[in-house]
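Colleague: I am new to this one. Please take me through its inner spaces.

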Amino acid sequence: MSLQERQQASYPLYLEGGGEMGMLTRSFNWSETVLGTPDKWSPNLLTILSIILHSKFPMFLWWGPDLIQFYNDAYKPSLGKDGKHPKALGQKGAECWPEIWPVIKPLIDQVMNGGEATWQEDQLIPIYRNNNLEDVYWTFCYSRVIDVNGEIGGILVTCTETTNKIKRTQEIEQTLIKLAESESRSNKLITQAPVAVGVLKTKDLIIETANSKILQFWGKSANIIGLPLALALPELEGQPFLQILDDVYTTGTPYSSYEIPARIEYNGIFKICYFDFLYQPILNQSGETESILVVATDLTEQVEARKIIEENFLQFRQLADSIAQMVWVTDESGTHEYLNKRWYDFTGSNFDHTKNEGWDDLVHPDDVARAAEKWIHSLNTGDPFEIEYRLKKHTGEYVWVLGRAAPFYNAEGKIAKWFGTCTDIHDQKLLQEQKDDFISIASHELKTPITTLKVSLQLMQRMIDNQSPQMMSNLIERANKSMDKVGVLIEDLLNTSKYNHGQLHLKKTVFEMADVIDECCSHIDYEGKHTIKITGDTNLKVYADAGRISQIVTNFINNAIKYAPKSKEIIVRVYKENDQVKLTVQDKGPGIASEKIPHIFDRYYRVDSSGSQYSGLGLGLYICSEIIKKHGGTIGVDSKPGEGSTFWFTLPFFGTTAAVSP
């Protein structure tokens with residue numbers, strides 16, 4: 001069953017809870033709409049509905065070409081009493097909002113046609129509610145929702161009604177205007193105002209009145225009252241305020257702005273401060289500007305605090321983008337808010353992290369459920385999150401990562417965010433697996449000869465008083481073979497340790513390759529099943545450690561006997577290739593699969609033949625490789641399944657007759 005089919009089959013889980021609107025959504029007769037019953041809904045529709053119904057923020061959704069409607073409990077108050085609720089649920093957008101459709105339809109079309117999301121702040125949109133058409137102000141955003149087919153499936157509306165805020169602002173402004181108009185010459189009212197207030201008279205902007213707060217904001221004393229503003233505050237030269245005030249006086253049009261920076265002098269020191277301010281013209285009976293009421297609110301502390309937060313976040317992002325780990329941040333519900341550059345470089349993914357879509361596509365199918373269960377547990381309990389799972393790289397390969405996350409608590413002791421990391425532990429994971437495998441193999445390989453040796457010794461002990469020469473000879477031979485196997489295993493371990501610690505020392509001499517080959521062949525037990533054929537120019541000389549080179553040749557021939565038991569003939573060839581002496585050992589065995597060849601000389605890797613397993617620690621060829629590297633040569637294998645294998649190495653050519661200086 002596909003992910004989409006699983007989601008559709010489990011659609012009741014997406015519609016659980018959600019208060020009254022969750023209940024209404026579940027009980028609604030959707031079969032009468034173009035969407036059909038919920039079991040046929042798009043997985044993306046189900047997911048966004050689950051988010052909407054459980055959100056405490058007002059949310060509204062239009063879905064499909066007919067713009068079928070959904071909303072949550074937090075949105076209901078915006079519909080008023082005896083208004084559009086609950087009939088707006090499942091209704092077409094055009095049928096629900098006839099009074100504002102000409103206003104909002106172009107915005108909907110912009111988003112549905114692939115345009116940018118819209119943002120409207122304190123927008124007047126009258127709607128019918130509470131049995132009449134009301135003037136309602138909104139701050140809202142229309143953003144697209146992508147369906148499973150990659151096309152735009154609907155529009156998510158996040159909104160806040162700001163009617164009360166606008167009305168309060170208007171009431172304050174009107175009150176101040178009325179006060180200024182009726183009491184403009186009453187210093188008492190202004191000086192006692194809880195906000196910074198001043199009055200500028202005539203086009204020269206003479207400071208007629210200024211309360212203590214505005215003097216404090218300006219960094220001046222009451223001595224400036226009666227002076228033109230430009231003379232009292234010379235630092236305003238080059239800033240926009242004098243021109244704005246002149247325009248207000250000339251046009252009679254109010255001007256207001258928010259968080260405007262101003263350069264003010266305090267005790268001889270210039271400082272940048274931030275203000276919300278209103279320049280309100282006061283008109284005489286002829287409608288001409290008589291003076292300007294100045295109302296200001298100092299926001300410097302708030303703005304500087306916000307800038308510190310923004311700067312800290314910027315530093316956090318720069319730090320997060322510079323480290324090797326993948327870093328991510330989610331909100332309290334687990335929705336991702338930030339992923340660092342390393343994440344995108346590692347995964348090659350460009351999915352919309354703010355919707356948590358596409359995450360499961362990057363996790364190995366066998367790890368998805370386990371990782372999700374662990375994450376949900378942490379979200380529900382606040383326990384730290386830690387798990388090893390496989391993540392898909394941009395190459396398409398799954399690698400092991402260590403995921404960790406810890407909660408961040410706000411001042412109220414509630415979880416506000418989760419900060420997490422993903423660390424690539426693939427190499428460590430594989431190395432640990434290799435070590436575990438090696439310990440298992442080493443235990444088995446050592447146990448077998450030691451057990452045989454122990455049995456032989458026990459039998460010999462029993463024969464002390466009743467010896468049988470033939471039996472005693474066989475037992476001694478078995479014991480020696482067991483000791484030889486243990487010795488080889490221990491020697492491999494010791495050699496590997498030396499290579500790992502850089503303690504491999506070579507005793508180089510000049511010798512002919514024939515000397516090494518003859519010595520090797522004289523010690524190898526063919527058991528009458530194989531013939532070793534030596535070809536090429538075995539008189540070629542090299543300057544190398546004869547014992548170590550003999551060890552490599554012996555390993556190659558023994559491997560040929562072990563892994564190609566049906567290869568009657570094993571061919572050893574020596575020849576000169578450019579400035580190198582090359583030795584090859586060829587068998588006519590089953591060959592080696594191409595995907596295994598790159599790992600042949602890896603530590604702990606054991607070659608097999610047609611699935612058969614052989615003794616050894618998987619160190620022989622690794623040791624051979626390290627010896628050749630130490631000599632400045634090369635080593636490799638050429639093989640095809642069914643055509644046998646040829647193991648080879650090269651050493652720098654020394655000559656045929658010359659001698660080396662001591």
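Colleague: How many cavities of 30 Å³ or more does the count come to?

Modeller: Four. This is a predicted model, where local features need pLDDT of at least 70 and side-chain atom pairs pLDDT 80 or more, while totals for chains, interfaces and linings use all residues. Numbering runs from 1 along each chain as its sequence is written, and side-chain values use heavy atoms, without hydrogens and water.

Colleague: What makes a space a cavity?

Modeller: On a 1 Å grid over the protein atoms alone, a cavity is a set of points where a 1.4 Å probe fits but cannot get out. Grid points are joined across faces, edges and corners, and the volume is the space filled by probe spheres set on them. The largest cavity holds about 240 Å³.

Colleague: Why is the lining of the largest cavity called nonpolar?

Modeller: Ala, Val, Leu, Ile, Met, Phe, Trp, Tyr, Cys and Pro count as nonpolar; Asp, Glu, Lys and Arg as charged; the others, Gly among them, as polar.

Colleague: What about the second largest cavity?

Modeller: Its space is about 170 Å³. Of its 13 lining residues, Tyr75, Ile100, Trp138, Tyr142 and Val157 are closest to the centre. By class, 13 are nonpolar, none polar and none charged.

Colleague: Which strand gives the largest share of that lining?

Modeller: S6, with three residues. Strands are DSSP runs (E, at least two residues), numbered from the N terminus.

Conventions:
On a 1 Å grid over the protein atoms alone, a cavity is a set of points where a 1.4 Å probe fits but cannot get out, and a pocket is an open set with protein on both sides within 12 Å along at least five of seven lines; lining residues have an atom within 4 Å of a point. Helices (H or I, at least four residues) and strands (E, at least two) are DSSP runs, numbered from the N terminus.
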